[in-house]
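Below are some notes on the side-chain contacts and helix geometry of this entry. Please read them with the coordinates open.

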Amino acid sequence: MQRAIDWLFKGLQWLMVICMAVMVVLVFGNVVMRYGFNSGLLLSEELSRWLFVWMTFLGAVVALNERAHLGTDSLISRLPPGGKKVCLLLTLLLMLFLTWLVFRGSYEQVKINWASTSAVMETSMGYFYASGLVFSVLSVPVLLLQLFRLVTGRMSEAELVNITENEDVPHGDAKA
């Protein structure tokens with residue numbers, strides 16, 4: 001199971017790399033065409049914006065899976081293991097609720113905007129708002145797996161703090 005999850009998230013990372021590469025080519029190409037040839041690609045700005053939004057939502061899911069979101073643990077780190085478990089349980093439940101809200105809101109936006117088309121690409125705006133749906137659908141299993149590991153006692157005490165304290169130093173490696 002874990003191997004399939006790892007493959008899925010490796011695929012998401014590659015998809016993000018492809019989005020970034022296409023964005024760079026589009027924006028750089030548009031700049032060269034504007035200054036060098038006094039023209040430009042109409043598609044460049046809109047498609048780059050769409051790719052950026054999709055890349056952001058996919059990156060949020062990857063960061064959630066890797067527990068790489070930044071935060072502060074000044075209170076949580078001082079709690080006993082039981083307190084850390086309660087706080088993590090409440091955090092996971094709140095994140096599941098917020099993910100539901102993102103799903104519901106994105107679903108409504110997709111329905112509302114399905115018949116609307118973008119100005120340049122003339123593609124349904126529903127695809128743009130579907131990024132929130134994809135985020136929600138991919139986030140829920142990650143959160144449920146963490147919740148399952150918490151309630152079954154399969155999490156180490158170091159994993160009970162659900163944040164990364166510093167981008168350079170993974171949580172638990174810092175010397176106090």
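Notes on the model

1. The model is predicted. A search of the whole structure turns up 0 disulfides. As for individual cysteines, Cys19 has a relative accessible area of 8% and is therefore buried, the limit being under 20%. Cys87, at 24% relative accessibility, counts as partly exposed.

2. Helix 2. This helix covers residues 42-66, 25 residues in total. From its first C-alpha to its last it reaches 37 Å, close to the 36 Å expected at 1.5 Å a residue. Arg67 follows helix 2 and has a positive phi, near 55°.

3. Aromatic pairs. The count of aromatic pairs comes to 6. In one of them, the ring centres of Trp100 and Phe103 are 5.9 Å apart and the planes lie at 25°, so the pair is stacked. Both residues belong to helix 3 (residues 81-113), where a spacing of 3 residues puts about one helical turn between Trp100 and Phe103. Trp100 is partly exposed, with 43% relative accessible area; Phe103 is also partly exposed, at 28%. Elsewhere, ring pairs join Trp50, Phe128 and Tyr129 into a cluster.

4. The structure has 4 salt bridges. One of them is formed by the side chains of Glu157 and Lys84, at 3.7 Å from N to O. The two residues are 73 apart: Glu157 sits in the segment after helix 4 (125-151), and Lys84 in helix 3.

5. Lys111 and Glu108 meet through their side chains in a salt bridge of 3.4 Å, N to O. Because Lys111 and Glu108 are 3 residues apart in helix 3, about one helical turn separates them. Lys111 has a relative accessible area of 47% and is partly exposed. Glu108 counts as partly exposed too, with 34% relative accessibility.

6. Glu159 forms a salt bridge with Arg149, and the closest N and O atoms are 3.0 Å apart. Arg149 is in helix 4 and Glu159 in the segment after helix 4, so the pair ties together parts that are 10 residues apart in sequence. Glu159 is partly exposed at 25% relative accessibility, and Arg149 is partly exposed at 24%.

How values were computed
Residues numbered from 1 in each chain as written. Predicted model: local features only at pLDDT ≥ 70, side-chain atom pairs only at ≥ 80, totals over all residues. Heavy atoms only, no water. Disulfide = S-S within 2.5 Å. Buried < 20%, exposed > 50% of the residue type's maximum accessible area, 1.4 Å probe, protein only. Helix = DSSP H or I, 4+ residues; strand = E, 2+ residues; numbered from the N terminus. Expected span 1.5 Å × (residues − 1). Phe/Tyr/Trp six-rings, centres within 6.5 Å; stacked < 30°, edge-to-face > 60°.
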